[in-house]
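Have the structure open and follow along.

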Amino acid sequence: MDVPVIVVGAGPTGLFLAAELRLGGVDVLVLDALDRPSGQSRGLGFTARATELFDMRGLLPRFGTVRTDTRGHFGGIPLDYGVLDGGHFGARGIPQARTEAVLADRATELGAEIRRGWKAVGLVNGPDGAEVEAETPAGRRRLRCRFLVGCDGGHSFVRGAAGIAFPGTAATREMFLADVAGAAGGGIRPRPIGERLPGGMVMSAPLADGVDRVIVCERGTPPRRRDRPVTFDEVAAAWRRLTGEDIGGGTAHWVSSFGDATHQAVAYRKDSVLLAGDAAHTHLPAGGQGLSVGVQDAANLGWKLAATVHGWAPPGLLDTYHAERHPVGARLLANTRAQGLLYLGGEETLPLRAVFAELMELPEAGRHLAGRVSGLDIRYGTFPDGGHPLLGRRLPPADLVGEDGPTTTFAQLRTGRGVLLDLAADPDVRDAARPWADRVRVVTAAPREAPGGPLDGTAALLVRPDGHVAWAAPGGGPPVALPAALRRWFGRAAR
Ligand SMILES: Cc1cc2nc3c(=O)[nH]c(=O)nc-3n(C[C@H](O)[C@H](O)[C@H](O)COP(=O)(O)OP(=O)(O)OC[C@H]3O[C@@H](n4cnc5c(N)ncnc54)[C@H](O)[C@@H]3O)c2cc1C
């Protein structure tokens, strides 16, 4: 065994996973086919839940000023994400290349090794380990590991080589993207949530340094098999046909095309191989969710893999990765498909849009959709129904007063260990967790919130390393004893 875990792909998912594994004390090697980061940015931000995850690990300051906006949309229909507690449409204005640089620095600082210019070309998968063959600058190399995670994007080599089916629907349309400087004199009129026009849909947003991002989708443009990449002339021509505006005089920094192909891996694990991020799910990038869901996959998987490698994982822990994240991927595909229909459909979809817009005015409907896209409403089905309302959900953001002064709920998750939040200074709770002290940190702190806040009436919370609540007291339903919850997620008590 060369290393316990190999991650194939140094995109946002693979890099975040590598850092999570290092927090869990596991050696990890990341392989990426490119000899240097591409510097290109498909994504320009991340959703509310990804923002929270970065906050939990103390990474937000590394992005500089993080601008979030409660105004968002669903399929181009305006939607206020502030209807949710702590909700927003996402952190905006952060190019994906910047996110990847932050995550690469973080993974490296924590001790992960990233080998660039290593392209996975062969894979042998078995119940006790995996072997990967890579083309490297020094020729072909083979490496063995206990687990291998394919974070190698939508065209994942790992997924195919492991024989994991990827059913779905092929792209029905082709969309163009260009980052263009000096277009249309004073810049391009921003259309941040897109603008539907008789011939299709256009979107535009200012980036830094006078560069604008434009996206064009012309109706009736099925994906073409291209023997060369799309050119800026093609993008400018499509833009002119739809808007009447001439952006052709600008200088394109990056031109690309994408589609609405929608696929999901049938299994997120097969023997010693796991999949995460775009390798596990691809879809129309509506609402900017892909990177964010990949990072959440990594947060869910990292600590479970680490526990399995260290040998303290309770039976079946690693399989809860598929059980919990596959349904999240499925609903991601459903919401982006629905958004695609609303956004990009023709005249025949106008009545549907009108009815949808009416429904979205209903607070409950708005909350439902905002919860879906932001990822803030996730409740894992591995927890029994009933009981405390936070069970299986994310630890909510809240201010606390701890033994060392003011703090927050998220600050307790910096180290990536489980946390028992003793909010009522209860010695019995602390005593119960003592045999798990090597895996679960006990924090005594009091909430600093108005009545009706997210922690109101809660005396104690057991929080997994990924920030999901594994046990809470007092529960409203059948009581689950704290030691049982500790065993369920953190294995046997230490002798
Ligand atoms: C136009 C557009 C806008 C988007 N906007 C947003 C947004 O605002 N917010 C958001 O959350 N998401 C957004 N997304 C989605 C986001 O870009 C992807 O979901 C994200 O990049 C997926 O990350 P990943 O790490 O899973 O895969 P990738 O980013 O695809 O990374 C895969 C890595 O694997 C490497 N690799 C591939 N094959 C091999 C191999 N055989 N061996 C070794 N390495 C290999 C690649 O070089 C690459 O570095 C957008 C997508 C598009 C197309």
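## A hairpin and its neighbours

Let's begin with the hairpin that E10 and E11 form, with two residues between them. Strands here are DSSP runs (E, at least two residues) and helices are DSSP runs too (H or I, at least four), both numbered from the N terminus. Strand E10 covers residues 129–136 and pairs with E11 in the antiparallel sense over seven bridges; two strands count as paired if DSSP finds at least two bridges between them. Within this pairing, Glu135 has Arg140 in E11 as its bridge partner.

Before going further, a word on the source: this is a predicted model, in which local features need pLDDT of at least 70 and side-chain atom pairs count only at pLDDT 80 or more, while totals for chains, interfaces and linings use all residues. Residues are numbered from 1 along each chain as its sequence is written, and side-chain values use heavy atoms, with hydrogens and water left out.

## Parallel partners of E11

Which strands run parallel to E11? One is strand E1 (residues 3–8), joined to E11 (residues 139–150) by five bridges.

## A second hairpin

Strands E5 (residues 71–74) and E6 (residues 77–80) pair in the antiparallel sense over four bridges. The bridge partner of His73 is Pro78 in E6. Two residues lie between the strands of this hairpin, and Gly75 takes a positive phi near 60 degrees.

## Two loop residues

Is Trp436 buried or exposed? Trp436 sits in the loop between helix H10 (427–433) and strand E25 (440–447), and it is buried, with a relative accessible area of 3%. Buried means under 20%, exposed over 50%, and partly exposed in between (1.4 Å probe, protein chains only). Leaving aside residues up to four places away in sequence, Trp436 touches Pro483, Leu486, Arg487, Phe490, Gly491, Arg492 and Ala493, where contact means heavy atoms within 4.5 Å.

Leu362 lies in the loop between helix H8 (350–360) and helix H9 (363–374). Leu362 is partly exposed, at 46% relative accessible area.
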